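Take a look at the structure below. This short report visits a few places in it, one at a time.

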Amino acid sequence: MSTTSIEPQVAEIQPYSIFRVEVARTRRLSPSFLRVTFTGEPLAHFADLGHDQRIKVVLPIPGADLDEFPEGPDWYLRWRELPDERRHPLRTYTVRAVRAERCEVDVDFVLHGDGGPASRWASHARPGDRVALVGPDARYQGPIAGREWAPPADARHLLLAGDETAVPAISVIAESLTGDVPATILLEVPHQEDRLELRTRPGVEVTWLSRDGAAHGERLIPAVREATAALARELSTAPAAELDDVDVDAGLLWEVPDPASVTSCDGLYAWLAGEASVVKTLRRHLVQEVGLDRRAVAFMGYWRLGRPEPTGA
């Protein structure tokens, strides 16, 4: 195995570490989803935090050795300073599964041709291919950021909705739900064959919405409207809140309640992610039209239709 690890001193351990790994195997889950299993001795220290834990995948480029990727607390600034031909692309993904005892991590990739570096790399990934993961380190003793799923304990209904880019995160959340709080999960995917099997408890209702050539959001938006109408009697609503208009072409749509401020939610807690303009529409519907407390709704614009993937963190 070509992966290496330099054991840091305890005082030097950061919340996120650089894990230099290689592809162990790949598995095509559906036309649009590919699971890549990474392996390497450093993954024995990869933290299994669950839910929608975000990581960075550092992709290889011709002529640049992955061993040159910077480490340490200032790795990102040093990466930004590298010349273009030596700056490996970074992409954000959700951890699908961690098996630290086997030094393995699963990441599900959405395939959409060779239009972006991550999809292009994943489509051609083979066992032994080297990459790096920027992920949570289990040896760090403090809190580690990168998760947004934080419903209050007294929520009486959960709503999770997103497109294919949110499927890995929502899948982990859905399979981790315990207790008896009802949950409505709406997932919009490109094709009928992209409906994946999720292991969920009773009371978690999963609905797959196939676009089959329709525009992004054309299935998801009406499904969320229908779901919130059906839950109207259970919702704790308030006067419509004023929302700052976010230009999704110029800014990031990412509004996540501070868990400390969400002390009570006598109704619905919502978690929505995916294409930014679709998320913006759902945000307006839930907060301004339905009247949900904005502190009980998390909105995340993962990407923007018509714009290239971002190159950094």
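## Thr 184 and its surroundings

Leaving aside neighbours within four places in sequence, Thr 184 is in contact with His 157, Leu 158, Leu 159, Leu 160, Glu 205 and Ala 227. The model is predicted. Thr 184 sits in strand 8, which spans residues 183-189.

Is Thr 184 buried or exposed? Its relative accessibility is 12%. Buried means under 20%, so Thr 184 counts as buried. One of its contacts is with His 157. The side chains of Thr 184 and His 157 are joined by a polar contact of 2.9 Å.

## Glu 85, in a loop

Now turn to Glu 85. This residue lies in the loop between helix 1 (75-80) and strand 4 (90-99).

Which residues does Glu 85 touch, leaving aside its neighbours within four places in sequence? They are Ile 61, Pro 62 and Ala 64. Take Ile 61 as an example. Glu 85 and Ile 61 are 24 residues apart in sequence. In space, their C-alpha atoms are 8.2 Å apart.

## Helix 3, largely enclosed

Helix 3 covers residues 167-176. Why is helix 3 described as largely enclosed by the rest of the structure? Because eight of its ten residues are buried.

An α-helix has 3.6 residues a turn, so residues three or four places apart point the same way.

Conventions: Residues numbered from 1 in each chain as written. Predicted model: local features only at pLDDT ≥ 70, side-chain atom pairs only at ≥ 80, totals over all residues. Heavy atoms only, no water. Buried < 20%, exposed > 50% of the residue type's maximum accessible area, 1.4 Å probe, protein only. Helix = DSSP H or I, 4+ residues; strand = E, 2+ residues; numbered from the N terminus. Contact = heavy atoms within 4.5 Å. Polar contact = N/O pair within 3.5 Å; in protein donor to acceptor, adjacent residues only side chain to side chain.
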